[in-house]
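Subject: Structure handover

Hello,

Below is the structure you asked to take over. My notes on it follow.

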Amino acid sequence: MIPTLGNFALALALAIAVAQSVVGIAGPMLRDRQILRAAPALAIGQFVMLGLSFLALVWAGVVSDFTVRNVAEYSSSTTPLFYRITGTWGNHDGSILLWCLILSLCGATVGIFGNSIPTSLRSRVLGVLGLVSGGFMAFVIAVSNPFARIWPPPLHGAGVNPILQDPGLAVHPPILYTGYVGFSIAFAFAVAALIEGRVDAAWGRWVRPWALVSWLFLTCGICFGSLWSYYTLGWGGFWFWDPVENVALLPWLTGTALIHSAIVVEKREALKTWSVLLAIATFSLSLCGTFLVRSGLLNSVHAFSASPDQGLFILVLLALTIGGSLLLFAFRAPVLAASGVFAPVSREGALILNNIFLCIIAAVVFTGTMYPPFLALLFNRQISVGAPFYDQAVLPLTAPLILAMAVGPMLSWKRAALLPALTKLWFVAVLALVVFGAFILRGHFVAALGLAGAVWVVMGALVDLAERVRLFRIPLGQSFMRLFTIPRAAIGASLGHLGFGIAVLGIAGMSLQTHTIRVLNPGQSIDLGGYNWKLIAIKPATGPNYSARDATIEVSRNGHLVQILHPETRYFTDQKVKTVAAAIRSNGVRNLFATFAGDNNSGGGEFRFNIHPLAPEIWLGGLIMALGGAISLTDRRFRVGAPVRSRLRRPSGSATV
Amino acid sequence: MMSRKKRRLWIVVACGLGLSTAVALMLVAFRSSLSFFMSPQQVAARHPPAGQVFRLGGIVQANTVVMGTRNGAPYTTFRITDGSASIPVVYTGVLPGLFRQGQGVVTIGAMSEGDREFLASTVLAKHGADYMPRDVEMALRKAGKWNPKFGPPPDAGAWDDKSPAQIEASSNG
């Protein structure tokens, strides 16, 4: 009963989405105030219906309703409640329903919080969102319906894939999807602006917070995904340049370019056409990120399996969305006239440099990701483009980006001189060179480059922040107070750069990792990286739906106990699958990583021990980046345009500077 | 302040420089680090030179997984087959959970000196419901062993569902 209601709610949401797109796009042409007001209500209605539908699917999973095929295939009565809930989106059909739910949430958010946007623009934005979400809901209903029934129902479900029975599944997909889908708002704004034929500073100010929110979710989503992949064996570590990882990185790169170029639109009314194109490209890449992998076109370690007819539907849908918006762009872009002049050495110039390199990196990653499927399609040859390609092609391109990153924020708008900015940074440069020299002498070339770059960016961001609060030039207390009075966007930007630098630090540190693989019997120990790893005992253990072998490892340094690690191997009886649960302990600057591969027949076991220097910084840096985005969002110029206040003060609702 | 034309010129020059660097880097990287996917049949026919990294994929041949210890370091040997040829593989490391006999697998590595065995540095696992990597699927189709048109792949669990530890116990005992 409940799943049927869920299916019905889904159909209703589709009907509402169709109405929303027609009313939203046609409304402004009719100039009828009533019709213009309908779009937000429809958007909220669509969200409510999809929310009910999604809850119905979760419910079917919770009560183990095996008449629903989705539940029968990916859940079972022995699955713990937590994974019965997260299992809802741990499969192809359910995850696309979640995707649609978040898309409708975006529409509802614009409907509720978008009061400061001119009514006609908002109506068009919602119309475009309705069009996109209608298309994907049609896909869900037609070929990928999670509410499909089977009769007679099986006694037991097949169960959630053991590898997916991990807290990561609860966090990673919803956050990553929010990031992907959030860019639909920037996309809708871009398409709406193309229909209206007008992009101005105000447009930049409306688009930027939405882009920033989705960017910070995407950053967090990629971070969690990378962390999950780091501790799961067989997924290739924290970053494998796997197609699925690449397609998440692509919208992140162009999205990062977008949040930078939108600043230029907002402050200087330049780069307008470019920003519109970036908004379209970012969402298009997000769509590719979610669906190209599912179409079966890309071959990946992390993909769900999909059937061929789903693939065709998806490709048609992608072609319509991306092709349609690009066609509109081609016809309407000349209408958006540029204004605002500036010199090459200026803040605008630095931001353009940032955009050029981010987009070139995105193009390289795109080529590397798409080359194998096209070669397979055209010449029937199977090749794979792996980490060595990206290391060689992408890493050199990040060098100018990293170099410019510390200097850019110190340049002034319109016209700037390089020399004063460089004089503020000379000691940072010296520090970076010292780090470079120290590691080059030990023969770690890649690590030396990476660490020097990280030091340059981190210190550069700190110097930028210190300059803004006039550290050491005015009393310390006043400097501290200035931290609260300077624009939060500036603090956010510094934090964003700081976070990036810290993440680079972690990635460079990872290249210095050491590991060993050994067979140990209880009481035996080995030395690795200055630590002594001793196997104490191997004991049986039981989990909710698996049996496990639990090893106790004592890690000590110079005779002092540092950590006790408990790596496990787990055997899931339902699926007859063995998984390896690694034990990781971090002290903030290095990770101890132990995996237990299984017993041998003499009472011992097979172990892999890793020491990952600076590894935690990869994810710490990502989170700091996202925090920077969040602080940027609270900037006064976004808050001032807040719906309630502006309605009280100015009925027109146009945002103030 | 410079004119719009001049500014555009600057941007075009910067884009051109960046793009040409990127293209040059990609071409170099493509030449040196592109790795091919090979099925056991292709390896047997072409004899890739020792040390050249490629991906070897196929089905883990039943009853070939043997675990041993060499200088205190454990290693696993098994054979990857596509039904028409079979290549011995040596892997030093912890196998991912979804590694099973009779199931699809993709490994990254290179042939040893003298073309004897494939030294795998990475063994990959997927989180789909059934692990049949596309490359492996293609290899099986080329070898004429399985065609997705005629139904799903043979159920891996039915082929052989012993875990590596059980195999090891049985092979030693």
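This is a predicted model: local features need pLDDT of at least 70, side-chain atom pairs count only at pLDDT 80 or more; totals for chains, interfaces and linings use all residues.

Glu269(A) sits in the loop between helix H9 (243-268) and H10 of chain A. Its phi is positive, about 55°, although Glu269(A) is not a glycine.

Ser64(A) is a second case: it has a positive phi of about 55° and is not a glycine. Ser64(A) belongs to the loop between helix H2 (33-62) and helix H3 (69-74) of chain A. There are 18 other C-beta atoms within 10 Å of Ser64(A), which is therefore partly exposed.

One more loop deserves a check of the backbone. The peptide bond from Trp151(A) to Pro152(A) is cis, with omega near 0°. Pro152(A) is located in the loop between helix H6 (119-143) and helix H7 (167-196) of chain A.

Confidence

The mean pLDDT of chain A is 87, and 93% of its residues reach 70 or more.

Overall picture

Chain A contains 22 helices and 11 strands. Its C-alpha trace spans about 80 × 75 × 55 Å along the principal axes. For 657 residues a compact globule would have a radius of gyration near 26 Å, and the 26 Å of chain A agrees with that. Of the 657 residues in chain A, 56% are buried. Among contacts in chain A with a separation of 6 or more, 74% are between residues 24 or more positions apart.

Helices

How many residues of helix H8 (residues 201-231) of chain A are buried? The count is 28 of 31, so H8(A) is largely enclosed by the rest of the structure. From its first C-alpha to its last, H8(A) reaches 45 Å, close to the 45 Å expected at 1.5 Å a residue.

Helix H10 (residues 272-291) of chain A has 20 residues and reaches 29 Å between its end C-alpha atoms, close to the expected 28 Å. Of those 20 residues, 19 are buried, so H10(A) too is largely enclosed by the rest of the structure.

H7(A) has 30 residues and covers 45 Å from first C-alpha to last, close to the 44 Å expected. H7(A) is mostly covered, with 24 of its 30 residues buried. Just after H7(A) comes Gly197(A), with a positive phi of about 75°.

Strands

An open sheet is formed by 4 strands of chain A in the order S2-S11-S10-S9, with antiparallel pairing. At its edges are strand S2 (514-520) and strand S9 (583-586) of chain A, each of which pairs on one side only. The twist averages 15° from one strand to the next. Within this sheet, S9(A) and strand S10 (residues 590-599) of chain A pair in the antiparallel sense over 4 bridges. One of the bridges has Ser586(A) partnered with Asn591(A) in S10(A).

Strands S3, S4 and S5 of chain A are linked by hairpins. Strand S3 (residues 525-528) runs antiparallel to strand S4 (residues 531-542) of chain A, and 4 bridges join them. Leu528(A) stands opposite Tyr531(A) in S4(A). The hairpin of S3(A) and S4(A) has 2 residues between the strands, and Gly529(A) in the turn has a positive phi of about 60°.

S4(A) also pairs with strand S5 (residues 546-557) of chain A, in the antiparallel sense and over 10 bridges. Among the paired positions, Lys534(A) has Glu554(A) in S5(A) as its bridge partner. The hairpin from S4(A) to S5(A) passes through 3 residues.

Regards

Key: Residues are numbered from 1 along each chain as its sequence is written. Chains are lettered from A and ligands numbered from 1 in the order in which they are written. Two strands pair if DSSP finds at least two bridges between them. The expected span of a helix is 1.5 Å times one less than its number of residues. A residue is buried if 20 or more other C-beta atoms lie within 10 Å of its own, exposed if 12 or fewer, and partly exposed in between; C-beta atoms are placed from the backbone. pLDDT is the predictor's confidence in each residue, from 0 to 100. Axes are lines fitted to C-alpha atoms, for helices over the stretch in contact, and angles run from 0 to 180 degrees between N-to-C directions. The radius of gyration is taken over C-alpha atoms; the globule rule is 2.2 Å times the number of residues to the power 0.38. Two residues are in contact if their C-beta atoms, placed from the backbone, lie within 7 Å.
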